[in-house]
Amino acid sequence: RYSREDEKQAEDRLAEYESLLAQKRSNLKKLQDAYRKTAEENQRQAGRAENLALQKKELEEHLERLESTYRELKDVQKEYAISISLRDESRIRYGHLETLFLNAQAGILAQDLEEGIPCPVCGSCHHPAPAELAEKIPDQEELKLRKKDAERAGVKSERLSERAGNL
């Protein structure tokens, strides 16, 4: 049999072990709570990382579209500058031919002018400086063709300008 003192020592040790067990349980509960909080934070961070990766991908795709549009705009601007030059050249060429044609018309009328007889255009009877007939006279077909060329060049430059404006 155990003596009272042995029982007392056993009870004290039991109380000590129970206290230690309660402390260990409390520590375990704290660790489990910390683990749960860490796991939840890791999940939130993983969600944020996934969201950031998606945003990065969207931004990269947007950047690629912008770069593509920029390249297209530069190409259209270059094409537009060329078309403006061609349009201006066509207009000048047409204007020059039109002037030659009109001057030729005046020269044809002037061929038949006689001093004292009224001019069919202005009615003057004096003709101090009648128009001369040029050697190279464009015909109406060539004039119409050059006018259409100038108009087409103008339309093309307008389309390119509109296209560049829409980019």
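**Setting up.** I call a residue buried under 20% relative accessible area, exposed over 50% and partly exposed in between (1.4 Å probe, protein chains only). This is a predicted model, where local features need pLDDT of at least 70, side-chain atom pairs count only at pLDDT 80 or more, and totals for chains, interfaces and linings use all residues. Residues are numbered from 1 along each chain as its sequence is written, and side-chain values use heavy atoms, with hydrogens and water left out.

**Salt bridges.** I counted a salt bridge wherever a side-chain nitrogen of Lys or Arg is within 4 Å of a carboxyl oxygen of Asp or Glu. Side chains of opposite charge can pair when their charged atoms come close. My search of the whole structure gave 11 salt bridges.

**R36 and E40.** I found R36 paired with E40, with 3.3 Å between the closest N and O atoms. Both sit in helix α1, 4 residues apart, so about one helical turn separates them; helices here are DSSP runs (H or I, at least four residues), numbered from the N terminus. R36 is partly exposed at 39% relative accessibility, and E40 is partly exposed too, at 33%.

**K56 and E60.** Next I looked at K56 and E60, whose side chains form a salt bridge at 3.6 Å, N to O. They are also 4 residues apart in α1, which means a separation of about one helical turn. How accessible is K56, buried or exposed? K56 counts as exposed, at 52%, while E60 is partly exposed at 44%.

**D149 and R152.** In helix α2 I noted D149 and R152, 3 residues apart, about one turn of the helix. Their salt bridge spans 2.6 Å, N to O. D149 is partly exposed, with 22% relative accessibility. I also wrote down a network in which salt bridges with shared partners join K29, D33, R36 and E40.

**The core.** Which residues make up the largest nonpolar core? I got Y94, L97, F101, L143 and A150, 5 residues in all.

**D6.** My last entry is D6, which lies in helix α1 (residues 4–111). D6 is partly exposed, with a relative accessible area of 35%.

Key:
Helix = DSSP H or I, 4+ residues; strand = E, 2+ residues; numbered from the N terminus. Core = buried A, V, L, I, M, F, W, Y, C linked by side-chain atoms within 4.5 Å.
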